[in-house]
Amino acid sequence: MGSHRFFNVNLQILALFSVFNLCFAARILSSTSVQDQQDQLLRYHNGALLQGTISVNLIWYGNFKPSQRAIVSDFIASLSDSAATSSNPSVATWWNGIDKYYHLANPKNPSSLSLRLGKQILDDKYSLGKSLKGEQIVQLASKGEQKNAINVVLTASDVTVAGFCVNRCGTHGSKSSIVKGKNQKFAYIWVGNSETQCPGYCAWPFHQPIYGPQNPPLGSPNNDVGMDGVVTVLSGLLAGTATNPFGNGFYQGPATAPLEAASACPGVYGKGAYPGYAGDLLLDPTTGGSYNAHGASGRKYLLPAIYDPSTSQCSPLV
């Protein structure tokens, strides 16, 4: 029998902390001791982390323009050191921030993780309709590879998903399956395009927030508020998936609603971030888009800070 867990991005909590990134749950940072797991903000629960070469398969559900799909696929391609751009700071440099969790999990013989862009599956006929439940997200995720994979389900702006825009912008989890007679697990992520449903929740800081200080929104680096919001959410969930793929890795709080590597730093994208202000970011003089990472194909992205367990601080790229 298959099993799965949901790791929800809780927006009801975020209503209280609305000036932060409206994609992640907010908590207060505490001191970290590498020697004493009890003192760490994100405790290690002795479970497996993703390791080796993992394919990131994209399952596109609904109507996406080719240009929208390219924003996400270029981001995934940018995570690999082999695709690293000569421009800094880069997406690959940001992703390397999770390496410290691997050293913390096994200081004597740390493992490593390499992500590569895998298959892209299009379901533009809305095979399950335009209103989905959690079980259907897992069903869609199962269309991807069942081993050594992260299957990412992306739902179009006209697709409603249970809890979307109410208490979550995305989820990550895992599912068991039988591959060649052996029990295997694959990780999955779901993120919805919030452009027409709740950009003030799930696409901040590219849209005015629903609550809190009403500072002007930032320009989106790829000129698509919805898809740039998708990348912001997806990147944080990828960090959580790598370091807590099966519910027993690095996290704090209840296993069903954990605080993880990126959600420990809500609303922090650059140095000097404070409530309602994403931080000191880079500005593209041509497009007016705000960003903090260079990617493949000349792309620019805005990625969340990752909590650094060695310094007990959020570590933004800029």
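The model is predicted: local features need pLDDT of at least 70, side-chain atom pairs count only at pLDDT 80 or more, and totals for chains, interfaces and linings use all residues. Residues are numbered from 1 along each chain as its sequence is written, and side-chain values use heavy atoms, without hydrogens or water.

Start with the protein chain. Its secondary structure comes to 7 helices and 16 strands. These are DSSP runs numbered from the N terminus (helices: H or I, at least four residues; strands: E, at least two). Of its 318 residues, 54% count as buried, meaning under 20% relative accessible area with a 1.4 Å probe, protein chains only.

Now go inside. In soluble globular proteins, nonpolar side chains tend to be buried together. Here the largest nonpolar core has 74 residues. Such a core is a set of buried Ala, Val, Leu, Ile, Met, Phe, Trp, Tyr and Cys residues joined through side-chain atoms within 4.5 Å. Helix H7 (residues 225-243) gives the largest share, 9 residues. Phe75 and Leu238 have the most contacts inside this core. A contact means heavy atoms within 4.5 Å. Leu238 touches Phe75, and also Ile76, Leu79 and Trp95, among others, not counting residues up to four places away in sequence.

Conventions:
Buried means under 20% relative accessible area, exposed over 50%, partly exposed in between (1.4 Å probe, protein chains only).
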